[in-house]
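Look at the sequence and the structure first, then read on.

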Amino acid sequence: MSENVLKIENATMQFGGVVAVDNLNLEINRGEIVALIGPNGAGKTTAFNVVTGVYQPTNGAVWFQGEKIIENHPQGKMKKLYKGQHDGEYTHVLAPTPDKVTKLGMARTFQNIRLWKSQTVFDNVLIAKHCRSTSNVFSATFRLNRKEEAAQREHVAELLNTVGLYDVKDELATSLPYGKQRRLEIARALAAEPKLLLLDEPAAGMNPQETDELTAFIGEIRDKFDLTVFLIEHHMNLVMGISDRIYVLDFGKLIAEGTPAEIQNNQRVIDAYLGVADDA
Amino acid sequence: MTSSKKKTIFTAAVLAVLLAVCVVVDMTLPSYHIVVVVIKKATVYSLVAVSMNLLNGFTGLFSLGQAGFMLLGAYAYGVLTIPVDKRASVYQYFDGGAIQFSLPEIFSGALGDTVGTVVGMLAALLVGGILAALLAYLIGLPVLRLKSDYLAIATLGFAEILRAFFQWNTLGPITNGSNLLKSYPAFSHATPYVILAGLMIAVIVLLINSTYGRAFKAIRDDEVAAEAMGINLAHHKRLAFIISSFFAGIGGGMMAMYMGTIAAAPFKSTLTYEILLIVVIGGIGSITGSILASFLYIFSSEWLLRGLDAGKFLGISAPSVFKNGFRMVVLSVIIMIIVLFFRRGLMGDKELPDLLDRRPKKREKEAAGK
Amino acid sequence: MQAILPYVINGISVGGQYALIAIGYTLVYGILRLINFAHGDVFMVAGLVMVYATTALPMYVALPLVLIVTVILGFTIERVAYKPLRTAPRMSVMISAIGVSYLIQNLAFYITGGVPQPVTNPIPWISENVTIFGESTKRVTLVTPVLTIVLVFALVYLINHTKIGMAMRAAAKDFETAQLMGIKINAVISMTFVIGSFLAAVGAMLYFTNYPSVAITSGGMPGLKAFVAAVFGGIGSIPGAVVGAFIIGLCEEIIKGLGYTTFSDAFTFALLIVVLCVKPTGLFGEKVTDKV
């Protein structure tokens, strides 16, 4: 049995009357590339936000590397939806902020690129190293952390070489073309030294050639940095090309899981994407 | 020579020249001369403007509490440095006050008169800074969770509460209630101000260019991304707030030195506004800009435009127009023009060393054009 | 009870005056998401104009003049200082508002020579003494709450039952969509400033009759307090602003009555900070969430 990196257990996320993620269960093992797909509005990004600590789930838990990092129990507002179902399973509230989750070893990219606009390519990656820095504000200000800083800069240069952005390192991040900005976001996430990399639609807005390059690239970095990858994507070429396993969400509910081949032939998935004719 | 080395030398040279000019001014002009006065006041404003820029410009927290922290620093300085034998007359309505020691005198006993007095004055400034930082920590706990404009109004409110507090008669034995604090020692020359503020600003520059400074800028640019990349928002915002307030407190102490008397009245929200506008004129996110704008602002308001208040300006005599207050009207119109049409201010987010960059880039562009 | 009564009456009156200013803040914030820092100074200018106008002109000319001048001032500020920054970051607009406040104060200093202008019984009728529940007070204390309520009802009618009111509600809900739907957004915003300034002028006329003089800083405190009232009630909500203003006016006068005059100002800000920390949306505000 391979080592479990991420486990989502009975996660439910409810916004008022809308149940964005509905009792989701999911597991990712070490070294896997797992995709989460589904039609628009299926709750994929919400699931990401629950895992990374942006939202506190209404119910359920998240395990990371064998440790429970997020937990909430269904009080009050959840009672109607899952009456009696999860009683006693969750008793604590664990709600780390996203920065704590990142420090534990997860890093993510964003669907709508969120680079630091006024910073150079190099600094964008360097800033992500901040969370791995051991210096305090005093030692950093008075440059007592020279060694660490030099090591960080070296590592950033290496990373930029890996992703092929070293030659534009002094440009403003936002002056890069779209595809390179996406790569930069991945480089930035890698700088935080994650075990699990979460990619939110990394190929959005890319042409087929760029998408192919990205597919190869994700495989490369997985091997090079010994990563586990969890991604959301709409480009089926990419998803089918690199995923070891796929989970499919529809209206917040998990409707299928399996290898790419299994998913391609799953009737429920096809229905969810194409819709079912009323008179069928 | 690498460009970064060139920049360092250029910066050092500019700073050395400025310091030399200041020393020469001190040696040739009496301390009440307008040039000396302008340098002193502008230096103090520079420090406070830079401290505000650290928060508003580099961390993106729109705080308007600067005057409150300055007030604290100013009072701390006054209370701790008034000579013991003068306390009876200063605190005449409060039986000579509750505090019966003076830091410069304590240090004089140990270190000799001159050195001791200076060390005591510096220690008092430091205490002011630390008190401001402590207060910032306490205020920050509830307030820093607020977003942009709410934060602005809450910090403004805190500064106002503090001002009311310092005028409260029950605290009179320490703050002298609504009466002036005076008779405390102060530097009469401009050079000590320049060196002191210069050192403080240098520390802020070091901070901004450190890994923490970069984290602050990340928070300013995109809070969500910063948090997702492992930057603890609450912790870093609090740090920026505390550090900024620390330097504002020291700036307040220096302001007290420069003014000669301390009352709560000058530390109104108008002072915060003034400093904010200086930061804007210089360019939000530029230390060089804040300093440059402080000097320009003080230079114009104290000297260049003085004629506008006194009836005669640029040889034009018009007492009915150029009367008391006209100078500030002109100045605020200029500020509004900058705010509306030159939003990047004098420097944008460029610093002194970046001035060297401009030409080579132009040449590159020309080369590319050919 | 008898001892506290005059303070309660005063509190209601002061609350009414704050309410008239607070509506200006809340309307502008509702649409532009801007704290109009200059609003308190507009209020101060209205007071100054009243002092000058009533000494030179008969009352039936002077008072409308105060309203007109204030409205023009509010309208001009918006056109000159806020409109060019419509697409700029919010911080820039806020800075512009602070710049305007600074300019108005300096201008007022220049015109008045920095001397507080004495208020010499500008509107004799409302300064006359009347007796209520055995307490003697100026008529303005009674007129203010009544006038405030009447004006607020008129405003609510305007917003809920007229075309421009509908446009204002649409703009407050979603600025950009309202624009796309063909609402003349600039006209709506101007209207907001006109209404806000008009009410501030009425508030100023009532407020300053109770004070011996108008100084250039007279607008600051009532302005800030009215803003706190608007936040307390839930910024963007008119009933909220009015309720908040009355509560703050009452609390403040009662604190004065208990002998802590120094802290009556501080109380307002303490209240602000508590409200912001406990329930940032105020009593009647709507919740806004950020999307990741």
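## Where chains C and B meet

In this predicted model, 35 residues of chain C are in contact with 37 residues of chain B. Contact means that the C-beta atoms of two residues, placed from the backbone, lie within 7 Å. On the side of chain C that touches chain B, the elements giving two or more residues are α4 (90-112), α10 (220-233) and α12 (262-278) of chain C. Of these, α4(C) brings the largest share, 15 residues. By residue type, the side of chain C that touches chain B holds 24 nonpolar, nine polar and two charged residues. Ala, Val, Leu, Ile, Met, Phe, Trp, Tyr, Cys and Pro count as nonpolar, Asp, Glu, Lys and Arg as charged, and the others, Gly among them, as polar.

Some ground rules apply. Residues are numbered from 1 along each chain as its sequence is written, and chains are lettered from A and ligands numbered from 1 in the order in which they are written. Since the model is predicted, local features need pLDDT of at least 70, side-chain atom pairs count only at pLDDT 80 or more, and totals for chains, interfaces and linings use all residues. Helices (H or I, at least four residues) and strands (E, at least two) are DSSP runs, numbered from the N terminus.

## Chain C as a whole

Chain C has 12 helices and four strands. Its C-alpha trace spans about 60 × 45 × 35 Å along the principal axes. The radius of gyration of chain C, taken over C-alpha atoms, is 19 Å, which agrees with the value near 19 Å for a compact globule of 292 residues. That globule rule is 2.2 Å times the number of residues to the power 0.38. Buried residues make up 51% of the 292 residues in chain C. A residue is buried if 20 or more other C-beta atoms lie within 10 Å of its own, exposed if 12 or fewer, and partly exposed in between; C-beta atoms are placed from the backbone.

Where does T217(C) sit? T217(C) lies in the loop between β4 (213-214) and α10 of chain C. T217(C) is partly exposed because 17 other C-beta atoms lie within 10 Å. The C-alpha atoms of T217(C) and I98(C) are separated by 14 Å, and these residues are 119 apart along the chain.

## Helices of chain B

Helix α10 of chain B (residues 211-221) is mostly covered, with 11 of its 11 residues buried. Among them are Y212(B), F216(B) and I219(B).

Helices α9 (residues 191-208) and α12 (residues 233-259) of chain B have axes that come within 12 Å and cross at roughly 175 degrees. Angles run from 0 to 180 degrees between N-to-C directions, and axes are lines fitted to C-alpha atoms, for helices over the stretch in contact. That angle makes α9(B) roughly antiparallel to α12(B), a label for angles over 145 degrees. The table lists the contact residues.

| Helix | Residues in the contact |
|---|---|
| α9(B) | Y193(B), L196(B), A197(B), M200(B), I204(B), L207(B) |
| α12(B) | I243(B), F247(B), I250(B), M254(B) |

The contact of α9(B) with α12(B) divides into 10 nonpolar, no polar and no charged residues.

## Domains of chain A

The domain assignment of chain A gives domain 1 (1-105 + 195-280) and domain 2 (114-193). Such bounds come from an automatic or database domain assignment. The C-alpha centres of domain 1 and domain 2 of chain A lie 28 Å apart.

Note on methods
Angles under 35 degrees count as roughly parallel, over 145 as roughly antiparallel, 65 to 115 as roughly perpendicular and the rest as oblique.
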